[in-house]
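Dear colleague,

I am passing on the structure below, with some notes on what turned up in it. Please have it open while you read.

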Amino acid sequence: EGEGARALVSRLQSLAMWLIERCSYIRPDNNWQVLTLYEYPLGAPRDAPPTQLLGFVTVYRDYRRHSSGTDATMSDASHRQRISQFVVLPPFQRRGHGEQLLRCVYQIAREDPDVSEVTVEHPSPGFTKLRDSTDARVARDLGCAALMSSDATPPWDELRDTLKWTRTQLRHLWSSIIRKVVPTLSSISPVSPVALSPGGPTTPGGVLCEHGGLRF
C-alpha cells in the first residue's frame, strides 16, 4: 500500500524480468502480497535499516473455485495462496535463503484459517527442487513425515488441512521423497547456515543428501 510500496514492487518486477524465464509483469491489486528478504547488520537493533535485498516472492490470493471436490467445502472467504514469482538474487543463492522465504509463505498460510492451500504458478525445475527439499523438512518438523513414511495410504485430508499443500504435492512427496529421503535429514537443522564448497552444500559428513539426481 502507498506510493513507496508501489515503487518498490515496480523495481522488483524489473529484477524478476531478468531472473525468471518467461516472466510477465503482474497487475497490482489488493489481492497481491509481496514478501521481501533483507540482510541486516549483525548485532544491529531491530529498527536498524536493512543493508541488502536478498530475495522476494509475490503471492496472489486466488478466490476462484475450481472443479476439484475440495472446493465444495470451501467458504466464501477461503482462498488459495498462489506463489507467482520467487526470486533469490544470484549472489545469495545456495545459502538457505530460498528455504527461509518459502517457509515464511507456508507459515503465513498455516496461521490464516481462510487459506485452503498454497499453490505454485508454473514452477521452474530449480524451484521444484527447492520446494521438494523444503517441504520434506517442513513435514518432518511438524510431525507429518511419520504419517507419510509407511506404505499405507496417508490421511490426505488431515495432511492437507495441517500443511496447506495441494494433494498433488502431498502425493509427490509421499511417493518420491518422504519414504526415501527424510530419514537422512534427521541430523540437519532446517535453518542452520550451510557451509559452501566448490562441490556444493556440505555438512561435516559430506553432501547433505542426493537422490535421483536431486541434491538436498
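How far apart are the end C-alpha atoms of helix 3 (residues 125-141), and what should its 17 residues span? The expected span (1.5 Å times one less than the number of residues) is 24 Å, and the end C-alpha atoms are 24 Å apart, so the two agree. Helices (H or I, at least four residues) and strands (E, at least two) are DSSP runs numbered from the N terminus.

Before going further, please note that this is a predicted model, in which local features need pLDDT of at least 70 and side-chain atom pairs count only at pLDDT 80 or more, while totals for chains, interfaces and linings use all residues. Residues are numbered from 1 along each chain as its sequence is written, and side-chain values use heavy atoms, with hydrogens and water left out.

The protein chain has 6 helices and 9 strands, and of its 216 residues 39% count as buried, where buried means under 20% relative accessible area, exposed over 50% and partly exposed in between (1.4 Å probe, protein chains only). Among contacts (heavy atoms within 4.5 Å) between residues at least 6 apart in sequence, 62% join residues at least 24 apart.

Returning to helix 3, its buried residues include F127, R131, D132 and V138, and the helix is followed by G143, whose phi is positive, near 75 degrees.

Rings of Phe, Tyr and Trp (its six-membered ring) pair if their centres lie within 6.5 Å, and planes under 30 degrees apart count as stacked, over 60 as edge-to-face and the rest as tilted; by this rule the count comes to 4 aromatic pairs. The ring centres of Y106 and W165 are 5.3 Å apart with their planes at 55 degrees, so this pair is tilted. Because Y106 lies in helix 2 (residues 97-111) and W165 in the loop between helix 5 (156-163) and helix 6 (167-181), the pair ties together parts that are 59 residues apart in sequence. Both Y106 and W165 are buried. W156 and W174 form an edge-to-face pair, 5.6 Å centre to centre with 80 degrees between the planes, and since W156 lies in helix 5 and W174 in helix 6, that pair ties together parts 18 residues apart in sequence.

Two residues other than glycine also have positive phi values: R94, near 60 degrees, and K164, near 65 degrees.
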